[in-house]
Protein chains: 4
Amino acid sequence: MTNLKPPTTRRDRQIQRKRQEILAAASEVFAQKGYAAATTKDIANAADLGESTLYNYFESKRDILLAILEENHALLDTVFQMTQGLANRDALIELFDRSLEIFSGRIPFIRTILAEAWVDNDVLNTYVVTRLKQASRLIEDFIENQVSAGVFRPIDPALGSRLALGMFFSLVLPALRGVEAPPSPAQRRAWAESVVSFLLDGIRTR
Amino acid sequence: MTNLKPPTTRRDRQIQRKRQEILAAASEVFAQKGYAAATTKDIANAADLGESTLYNYFESKRDILLAILEENHALLDTVFQMTQGLANRDALIELFDRSLEIFSGRIPFIRTILAEAWVDNDVLNTYVVTRLKQASRLIEDFIENQVSAGVFRPIDPALGSRLALGMFFSLVLPALRGVEAPPSPAQRRAWAESVVSFLLDGIRTR
Amino acid sequence: MTNLKPPTTRRDRQIQRKRQEILAAASEVFAQKGYAAATTKDIANAADLGESTLYNYFESKRDILLAILEENHALLDTVFQMTQGLANRDALIELFDRSLEIFSGRIPFIRTILAEAWVDNDVLNTYVVTRLKQASRLIEDFIENQVSAGVFRPIDPALGSRLALGMFFSLVLPALRGVEAPPSPAQRRAWAESVVSFLLDGIRTR
Amino acid sequence: MTNLKPPTTRRDRQIQRKRQEILAAASEVFAQKGYAAATTKDIANAADLGESTLYNYFESKRDILLAILEENHALLDTVFQMTQGLANRDALIELFDRSLEIFSGRIPFIRTILAEAWVDNDVLNTYVVTRLKQASRLIEDFIENQVSAGVFRPIDPALGSRLALGMFFSLVLPALRGVEAPPSPAQRRAWAESVVSFLLDGIRTR
DNA sequence: AATGAATGAGTTTTCATTCAT
DNA sequence: AATGAATGAAAACTCATTCAT
């Protein structure tokens, strides 16, 4: 009846959409050249906009980077909300599979984050270390439980978790870097099963 | 007695020494900020030289980067010359241990290489992919032999190698990135043994 | 009535105008100091612009020079289109007169071209030698015709042409160099007549 | 008997010789690239010396240029001392011939002077205008005399002189610029005769 | 909302010159 | 006397950002 509007007006949504477009374009550019070597001109070209138009949506070049980081930070929460249990072999496989999927679907964003985390401690801590700790905690808990239950040998959970994460990254890194196509769903599944098998059973015959 | 001179005169050596100093300083700077964000002023300050003096030793900023890459490329050959055999468990452990040691001793250089390889395809191919393929080939051969001998289950050697490399990098990466101290010799040995144990035996009780 | 637009939009024309302004300012500077000694700062000051603004219109300092050369190369075509015939004494006078006029009206440009041609073989060949050959050919043909017709003594046309060009330059050079005011129309006419008279009749009484 | 030495000791002469070598090398470089674009490194290389060694013989780069100018200024005096009379046709021919010879023998020096005079008023006035005026005066006097004697038509001596100088330069300029070999003695003689013939008789049949 | 034009601050690089040996 | 090494000053050029429209 009145002029009360929902919190997002059409215009707000329009602005949000444009911001998304810019972020997508920018993360492509950042992924290719790295943040420092990318110019605002590059970003504007990729977004098919005038250079100065960027400044109607973001305060600065760095602000664009930070928005990319924030956006994906929020998104990655979904992985961890999903993975409460991690009770058995199948849950492990599922976790690997799902994680591979998420990484595969956000390649330019994640590539950008990793590049920046490599040189910026704030970015590293806020956007990467936090996440890795979450993941690690999950895996460590699983390992501890299995050790307690006598299923696993008495290994150091922190080390086990670290190695598991290393295996995971060895699978996604080539695609992130752009030297390999992102894995198909079937490939992801196969990898997940193999990794869990290696991890649990080792590779020696018994 | 003789007047024979070594092929390098004192001056040549002096120049080489200065170049080394600049490279060391530059790799610190590149490691901290990344190549693109590092300025020649940064490098000059780190090397305690005037900015223009750099150009008496290198043709350009990029030439400094390339010299860093070249120098370490040569060095890393040592790892592979060492690892002909890889016949048994102990050889595997030794390889891991030695590799960890080399990485730990060249942190700023390797950090610089990896950062640049992340955005530059030439650098990636020339200085990283080549090396990873060498390493991978070594591990694959080992796996194939073990499978043939019935010691290993019939796994995909390429995947096994990839996962093994992932485990290796999970151990050195924090130190490379500067969030962890480089491992002590004892730590390296312990890691090497654990990794090989995981790899061969898995983590489940038998 | 129609919406037909000329191929050049207002903006295109605006850009062209600015480019012209910069070229005019730059040719003044180049004429005064020579290309190598002129700085982009000098040019920017002469054009009343910030130094970096130059680079919105030209790719490099050298690009500015080349634009000056190109522009005047095109212009000088007019002299030669005019001078098809060169049949008689009056046509000769007209050619001298018109040539003096064109040179007088483009002093900084031509001074710049000559200075650069003095040290750059490409510029010499592309922008000067070509033109001189055209002019020379014209004069040689005239001489040959006159010799055939028995009007001229049997002299070497190439030498005659060369000397005629030398006389021409002896008249414009001081103005080009800036040590003499450009000739007035009356002065040009008088020079043209004198030169032709000398050339044809010599200076001895008969 | 005593230790009285001539004003130039052996060492002085040694220094003078080295200075001459440097000047010769420098004028080659200046002739090729122009003063502004030539670097002290270029000069040192051409003189086969270390860059800093130049400064034992000259105070600055500009000082080298000035020495080149001075040296040749002195030399050119010889032309004018020779040409007192200029009484008749043969004297004119002799003057042209001798002048061509001198120019041909000092090409890099003169090329350097002309290039610098093109952009530097001091150099122009001190080293070029002065000389041209001397030459011009000589020719003007000759013309005036011939006019008085009724040999020449009553022409403007200044203009006649100017055109004569123009003819002269049309002959030496290509060699100065390096696009033509310097004229042989025979060539010089032939040119001198032709020019005088043109000048005096014109090119029309009588 | 979009952008062309302009630019200050800074970047890489050059180069004449100095100085210790 | 000769020069290698070092460098301050300045050059060409880049780029994120502002602003008027």
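**Figure 1. Salt bridges across the predicted model.** Counted over all chains, this structure holds 36 salt bridges. The coordinates come from a predicted model, so please read every distance in these legends as a computed value. Side chains of opposite charge can pair when their charged atoms come close. The next views pick out a few such pairs, along with one linked group.

**Figure 2. C:Arg62 and C:Asp120 form a salt bridge in chain C.** Nitrogen and oxygen are 3.5 Å apart in this pairing of side chains. The two partners come from distant parts of the chain, 58 residues apart. C:Arg62 belongs to helix 3 (residues 61–82) of chain C, while C:Asp120 sits in the loop between helix 5 (107–117) and helix 6 (121–148). Is C:Asp120 buried or exposed? With a relative accessibility of 16%, C:Asp120 counts as buried, because the cut-off for buried is under 20%. C:Arg62 has a relative accessible area of 29% and is partly exposed.

**Figure 3. C:Glu71 and C:Arg106 meet in a salt bridge.** Here the N to O distance between the side chains is 3.8 Å. C:Glu71 is a residue of helix 3 of chain C, and C:Arg106 lies in the loop between helix 4 (89–105) and helix 5, so the bridge ties together parts that are 35 residues apart in sequence. C:Glu71 is partly exposed, at 23% relative accessible area.

**Figure 4. In chain D, D:Glu71 pairs with D:Arg106 in a salt bridge.** The closest N and O atoms of the two are 3.7 Å apart. D:Glu71 is found in helix 4 (residues 61–82) of chain D, and D:Arg106 in the loop between helix 5 (89–105) and helix 6 (107–117), so parts of the chain 35 residues apart in sequence are tied together. With a relative accessible area of 22%, D:Glu71 is partly exposed.

**Figure 5. A network of salt bridges in chain A.** Which residues are linked in it? The members are A:Asp97, A:Arg188, A:Arg189 and A:Glu193.

**Figure 6. Chain A and the surroundings of A:Lys61.** Chain A has eight helices and zero strands, giving the pattern α-α-α-α-α-α-α-α along the sequence. Of its 206 residues, 47% are buried. Among contacts in chain A with a separation of 6 or more, 66% are between residues 24 or more positions apart. A:Lys61 is part of helix 3 (residues 61–82) of chain A and is buried, at 19% relative accessible area. Leaving aside residues up to four places away in sequence, A:Lys61 touches A:Phe30, A:Tyr35, A:Ala36, A:Ala38 and A:Thr40. As for A:Thr40, its C-alpha atom is 6.7 Å from that of A:Lys61, with the two residues 21 apart along the chain.

**Figure 7. Helix 7 of chain A crosses helix 8 of chain B.** The axes of helix 7 (residues 157–177) of chain A and helix 8 (residues 185–201) of chain B come within 11 Å, crossing at roughly 65°. These two helices are therefore roughly perpendicular to each other, and the crossing is right-handed. Helix 7 of chain A brings A:Leu159, A:Gly160, A:Arg162 and A:Leu163 to the meeting, and helix 8 of chain B brings B:Trp191, B:Ser194, B:Val195 and B:Phe198. The residues of this contact comprise five nonpolar, two polar and one charged.

Technical notes:
Residues numbered from 1 in each chain as written. Chains lettered and ligands numbered in written order. Predicted model: local features only at pLDDT ≥ 70, side-chain atom pairs only at ≥ 80, totals over all residues. Heavy atoms only, no water. Axes fitted to C-alpha atoms, helices over the stretch in contact; angles between N-to-C directions. Helix = DSSP H or I, 4+ residues; strand = E, 2+ residues; numbered from the N terminus. Parallel < 35°, antiparallel > 145°, perpendicular 65-115°, else oblique. Left-handed = near helix turned anticlockwise from the far one by under 90°. Contact = heavy atoms within 4.5 Å. Nonpolar A, V, L, I, M, F, W, Y, C, P; charged D, E, K, R; others polar. Salt bridge = Lys/Arg side-chain N within 4 Å of Asp/Glu carboxyl O. Buried < 20%, exposed > 50% of the residue type's maximum accessible area, 1.4 Å probe, protein only.
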